[in-house]
Amino acid sequence: MILGNVSPEEFLAEYWQKKPLLIRNAITDFEPPIDGDELAGLSLEQEVESRLVIGEDWKLEHGPFAEDRFASLPASHWTLLVQAADLWVPEVGELLKHFDFLPPWRIDDIMVSYAEDGGSVGPHFDYYDVFLIQGAGQRRWQIGAACDDETPLLKNTELKILAGFEPLQEWVLEPGDILYLPPKIAHHGVAIGDCTTFSVGFRAPAATEMMDDLATELLTGIVAPKHLVDPPLTPAMAVENIPDAYIQNVKSLLLETLNDDELLAQWFAQFMTAPKYPMLLDQTGEQRRATLKHKDGSVSRFENGRKDD
């Protein structure tokens with residue numbers, strides 16, 4: 001169990017989406033399943049999502065990269081990141097077995113980073129849960145206060161770097177150590193020498209993203225459409241101003257459409273099992289699964305965004 005002396009029940013009740021947890025030697029005798037050279041090789045591929053973050057001003061470059069790009073990088077202060085390495089390297093995917101105390105359909109991917117001394121992606125926060133597994137080498141992690149949409153960010157950078165990061169705690173992680181971070185916690189990781197980090201991230205879709213996808217699903221005609229009707233009208237309402245009564249009717253109409261637990265459950269299962277790279281399924285072999293138990297006792301199974309008939 002990667003949680004050390006913390007039981008899954010205690011972790012989920014006391015830490016999950018609440019507060020950070022450092023777990024020393026979480027994976028005993030951890031041998032990283034991929035090294036920096038192999039990661040660089042992946043970043044040359046057109047299908048693989050990769051980035052370079054270079055310098056103390058965090059200049060961002062997107063892959064795929066040419067092989068000679070790595071020969072021209074500075075001796076320090078750069079990081080290579082490869083998204084969804086678990087889909088391309090089966091041995092990386094094996095790490096997910098350690099997280100069987102969480103719903104599998106919540107997992108997004110494992111991002112692997114390789115950094116030279118001083119390399120980082122800057123102080124930032126994420127909207128999702130993440131387990132940071134230290135691979136080779138060491139990385140210094142600092143964490144700060146909780147952030148939100150109003151937290152100031154640096155300007156003139158493509159990355160969302162915190163403008164005023166103030167560390168509250170600090171640790172140096174060794175191979176096999178894990179740092180769990182809940183959403184919105186400020187953090188900053190800096191490589192001590194060269195190192196690799198395996199970031200197990202979890203899906204945390206925004207409400208707007210879910211509404212957009214649900215609206216698309218509703219437009220396919222899975223339910224009979226409901227239409228807006230007028231509130232009681234008076235001649236005085238024949239003006240350009242939209243009265244509040246219309247807004248209340250719109251709200252009631254939308255809430256009535258959403259007030260269908262079976263519809264929402266079916267859509268949500270499809271949404272959360274949607275593959276990360278739908279166009280690359282033949283190459284990645286990605287498999288995302290979930291089940292729904294219905295009130296009548298029947299079970300529906302979903303895989304890669306589709307319901308199994």
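1. The largest pocket of this predicted model has a volume of about 1100 Å³. A pocket here is an open set of points on a 1 Å grid over the protein atoms alone, where a 1.4 Å probe fits, with protein on both sides within 12 Å along at least five of seven lines. Volume is the space filled by probe spheres set on the points, which are joined across faces, edges and corners.

2. The largest pocket is lined by 40 residues, each with an atom within 4 Å of a point. Arg 51, Met 111, His 124, Asp 126 and Tyr 128 lie nearest its centre. Elements giving two or more residues to the lining include β2 (50-54), β5 (107-115) and β10 (185-192).

3. Asp 126 sits in the loop between β5 and β6. Leaving out residues up to four places away in sequence, Asp 126 touches Pro 183, Lys 184 and His 187; contact means heavy atoms within 4.5 Å.

4. Now the whole protein. There are 9 helices and 14 strands, taken as DSSP runs (H or I, at least four residues; E, at least two) and numbered from the N terminus. Of its 309 residues, 41% count as buried. The C-alpha trace spans about 75 × 50 × 45 Å along its principal axes.

5. Some ground rules. Residues are numbered from 1 along each chain as its sequence is written, and side-chain values use heavy atoms, without hydrogens and water. Local features need pLDDT of at least 70, and side-chain atom pairs count only at pLDDT 80 or more, while totals for chains, interfaces and linings use all residues.

Conventions. Buried means under 20% relative accessible area, exposed over 50%, partly exposed in between (1.4 Å probe, protein chains only).
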